[in-house]
Amino acid sequence: MTYSPPTDISNRPVAILGAGTLGRRIALTFATRGGVVHLYDVSENSLQSAREFLDEAVPDLVNKRAASDARPAKIEFFTNLPDAVKNAWYIVESVPEILSLKIDTLGQVDEIAEPDAIIGTNSSSFPSSELIGKVKHPERVLNTHYGQPPELPQVELMTDGKTDERIYDILEEELPKHGFVTAAARTESVGFIINRVWAAIKRESLAVVAEGVSTPEAFDRIWVASGAGGAGVFRLIDKVGLDVALDIEENYIKHFPYIPTKSRDLLQKYVDAGKLGVKSGEGFYNDYEK
């Protein structure tokens with residue numbers, strides 16, 4: 001059957017699958033233009049934590065966007081996947097960065113989603129072409145990789161090799177309405193656009209610490225003072241999660257085996273010690289609340 005992209009977007013929900021650190025932030029940013037947002041997770045605890053976060057964050061973000069006619073959306077929470085994706089025009093997969101889990105999730109979503117729904121994987125390291133082994137309609141699947149919205153609102157779009165070109169036009173029109181800034185990588189690239197460059201910066205920053213040249217705190221101070229960024233590299237890694245950063249680095253090493261491993265090994269040391277960053281209360285810094 002020939003794929004037809006969605007047309008009745010304004011009356012249908014967006015569904016985000018995964019209520020973790022990034023999934024709930026994606027939901028937050030979509031929840032400022034009215035309408036309905038679905039947030040799904042297999043864990044009731046994760047959903048409850050996300051609900052508490054959104055109850056506090058949505059009003060604040062709506063107030064900040066008052067000049068652009070912002071208004072809160074209705075957010076609905078699900079542990080049942082078919083209910084979560086029902087009638088959604090756009091589905092964002094944001095489950096943990098585990099290849100087999102993403103393949104299974106996308107295959108299942110492709111089976112139960114509306115025939116015209118766009119399915120985006122938020123994977124930060126896997127090209128969507130590696131994730132569509134169980135997908136029967138790859139023309140509606142692509143990478144839609146988010147930063148850390150709303151503070152970092154970028155979304156990189158990338159083909160799975162078979163993505164319908166019309167999907168780019170739809171997302172590049174709709175996502176900016178929610179405050180996102182989009183750029184399309186129409187040729188597959190490990191690391192997309194920004195992350196490909198960021199991975200190299202992050203890797204060298206970790207190497208500087210792994211080699212004993214600097215400490216995370218001293219590095220971040222001089223990094224910010226030099227004008228290289230508004231936040232320190234190690235603060236950002238703590239925010240994303242050291243376990244997530246480790247999974248990403250492992251994937252780069254798989255694709256580019258010539259990459260030195262000392263940065264990966266430093267992340268592994270922290271992860272093995274249970275220091276995952278903000279979510280665990282301690283990472284490269286130890287001044288977070290658990």
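This report walks through a sheet and several helices in a predicted model.

## The sheet

Let's start with the strands. Eight of them form an open sheet of 8 strands with mixed pairing, ordered β3-β2-β1-β4-β5-β6-β7-β8. At the edges stand β3 (74-78) and β8 (181-185); each has a single partner strand, so one side of each is left without a neighbour in the sheet. From one strand to the next, the twist averages 25 degrees.

At the β3 end, β2 (residues 36-40) pairs with β3 in the parallel sense over 5 bridges. Here Val37 stands opposite Ile75 of β3.

## Helices on the sheet

Helix α1 (residues 21-30) lies across β1 (14-17), β2, β4 (90-93) and β6 (141-146), and runs at about 165 degrees to β1. Helix α4 (residues 99-112) also packs on the sheet, where it touches β1, β4 and β5 (118-121). The direction of α4 makes about 170 degrees with that of β5.

## Where α6 meets α10

The axes of α6 and α10 (residues 262-272) come within 8 Å and cross at roughly 70 degrees, so the two helices are roughly perpendicular to each other. On the α6 side, the contact uses Arg203, Leu206, Ala207, Val209 and Ala210, while α10 brings Lys262, Ser263, Leu266 and Leu267. By class, that gives 6 nonpolar, 1 polar and 2 charged residues.

## The two faces of α7

Next comes α7 (residues 216-225), in which Pro216, Phe219, Asp220 and Trp223 are buried. Down the helix axis, these buried residues fall within an arc of 95 degrees, so they line one face of α7. Their cover includes α6 (194-210) and α8 (233-240).

The face turned away from the buried side carries Arg221, Ile222 and Ala225, which are exposed. After α7 comes Gly227, with a positive phi near 85 degrees.

Technical notes. Residues are numbered from 1 along each chain as its sequence is written. This is a predicted model: local features need pLDDT of at least 70, side-chain atom pairs count only at pLDDT 80 or more; totals for chains, interfaces and linings use all residues. Side-chain values use heavy atoms; hydrogens and water are left out. Buried means under 20% relative accessible area, exposed over 50%, partly exposed in between (1.4 Å probe, protein chains only). Helices (H or I, at least four residues) and strands (E, at least two) are DSSP runs, numbered from the N terminus. The arc is that of the directions from the helix axis to the C-beta atoms. Contact means heavy atoms within 4.5 Å. Axes are lines fitted to C-alpha atoms, for helices over the stretch in contact, and angles run from 0 to 180 degrees between N-to-C directions. Angles under 35 degrees count as roughly parallel, over 145 as roughly antiparallel, 65 to 115 as roughly perpendicular and the rest as oblique. Ala, Val, Leu, Ile, Met, Phe, Trp, Tyr, Cys and Pro count as nonpolar, Asp, Glu, Lys and Arg as charged, and the others, Gly among them, as polar. Two strands pair if DSSP finds at least two bridges between them.
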